[in-house]
Protein chains: 2
Amino acid sequence: MTTEEQLKKDEYFMRRALDEAEAAYREGEIPVGAVVVCQGRIIARAHNLTETLNDVTAHAEMQAITIAANELGGKYLQDCTLYVTLEPCVMCAGALGWAQVKRIVYGCKDEKRGYLDYAPHALHPKATVTSGILAEECRNLLQQFFKSKR
Amino acid sequence: MTTEEQLKKDEYFMRRALDEAEAAYREGEIPVGAVVVCQGRIIARAHNLTETLNDVTAHAEMQAITIAANELGGKYLQDCTLYVTLEPCVMCAGALGWAQVKRIVYGCKDEKRGYLDYAPHALHPKATVTSGILAEECRNLLQQFFKSKR
């Protein structure tokens, strides 16, 4: 695959993660969405549900990992890519590490709680990371949400 | 409370976390257990279920946080102490941070995956940590488990 083809593919799946983030927004949740892709197919979609479930662990990535493992019938996701609209937090990065997710693609940086500032080695040592895919759209959605809550 | 009274109390609740770890052992799970205590009362008990649930996120602490939040009807656990037999990992420390758990008491150190080596600032800035409570018993149970699996 050329770099351009890869970027197109990444943007396609990030847009699906953004669809999830928009669903979160409509439900009054901080708009973060995630999808897990395995062999070119989306096997899990999830969005932040911390308010609805009254549970700080209900981040998009955490739910996506659980759903993907159920779908695959195994708890390791070595052949999967996780797309998420916002840089994962420490908790989610730790979970991605345990699940051995091979590739993580995120939209915009989390300036306050991103894993890179708190736990840069939390992911699996063989994991690769791509950042900045549709970053502006991912960030705009979050900013719009927080503005509406003021 | 005197230091001795506090230690006695901590040992009492750690023993309840050990009861959970032993339950995990009997189910073929890596034996780690946790309890959440609020105003002197246990409001959540949980043990590792990663194999049973086929889910890397099913650590004792994660489940204990979810159960405690349900019990209290609010997702923040500022007035709670979490007791866990093993030093939390990055994922669990991140979750404890989000839940704003005020005090964390753990048994033995996790030499390989403990949060202190990977994400020392993952907990809430106001959280206090006590380690080494019934550490030998907590460690022995883990060692016995891994020995039996060889």
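Contact here means heavy atoms within 4.5 Å, and helices (H or I, at least four residues) and strands (E, at least two) are DSSP runs numbered from the N terminus. This is a predicted model, in which local features need pLDDT of at least 70 and side-chain atom pairs count only at pLDDT 80 or more, while totals for chains, interfaces and linings use all residues. Residues are numbered from 1 along each chain as its sequence is written, chains are lettered from A in the order in which they are written, and side-chain values use heavy atoms, with hydrogens and water left out.

**Helix H2 of chain A**

H2(A) has 13 residues and reaches 18 Å from its first C-alpha to its last, which is close to the 18 Å expected at 1.5 Å a residue; the expected span is 1.5 Å times one less than the number of residues. Its buried residues are Ala60(A), Glu61(A), Met62(A), Gln63(A), Ala64(A), Ile65(A), Ala68(A) and Ala69(A), where buried means under 20% relative accessible area, exposed over 50%, and partly exposed in between (1.4 Å probe, protein chains only). The cover over these buried residues includes strand E1 (33-38), strand E2 (41-47), strand E3 (80-86) and H3 of chain A, together with helix H3 (60-72) and helix H4 (90-98) of chain B. Just after H2(A), Gly73(A) takes a positive phi of about 75 degrees.

**Where the two chains meet**

In the model, 29 residues of chain A are in contact with 29 residues of chain B. Between them the chains bury about 2,400 Å², 64% of it on carbon and sulfur atoms, buried area being the accessible area (1.4 Å probe) that two parts lose on being put together, summed over both. Val56(A), Lys75(A) and Trp98(A) supply 31% of the area that chain A buries against chain B, more than any other three residues.

Between chain A and chain B there are 8 residue pairs in polar contact (both at pLDDT 80 or more); such a contact is a pair of N or O atoms within 3.5 Å, and within protein one must be able to donate a hydrogen and the other to accept it, while residues adjacent in sequence count only if both atoms are side-chain atoms. Helix H2 (60-72) and helix H3 (90-98) of chain A each supply at least two residues of the side of chain A that touches chain B, and the largest share of that side, 6 residues, comes from H3(A).

**Salt bridges**

A salt bridge is a side-chain nitrogen of Lys or Arg within 4 Å of a carboxyl oxygen of Asp or Glu.

| Pair | Closest N and O atoms |
|---|---|
| Lys75(A) and Glu51(B) | 2.7 Å |
| Arg103(A) and Asp10(A) | 2.6 Å |
| Arg16(B) and Asp19(B) | 2.9 Å |

Arg103(A), in strand E4 (residues 103-108) of chain A, and Asp10(A), in helix H1 (residues 3-26) of chain A, are 93 residues apart, and their pair links distant parts of the chain. Arg103(A) is buried, and so is Asp10(A).

In chain B, Glu137(B) lies in helix H6 (residues 135-149) and Arg15(B) in helix H1 (residues 3-26), so their pair ties together parts that are 122 residues apart in sequence. Glu137(B) counts as partly exposed at 36% relative accessibility, and Arg15(B) is partly exposed, with a relative accessible area of 33%. Arg16(B) and Asp19(B) are separated by about one helical turn because they are 3 residues apart in helix H1 of chain B.
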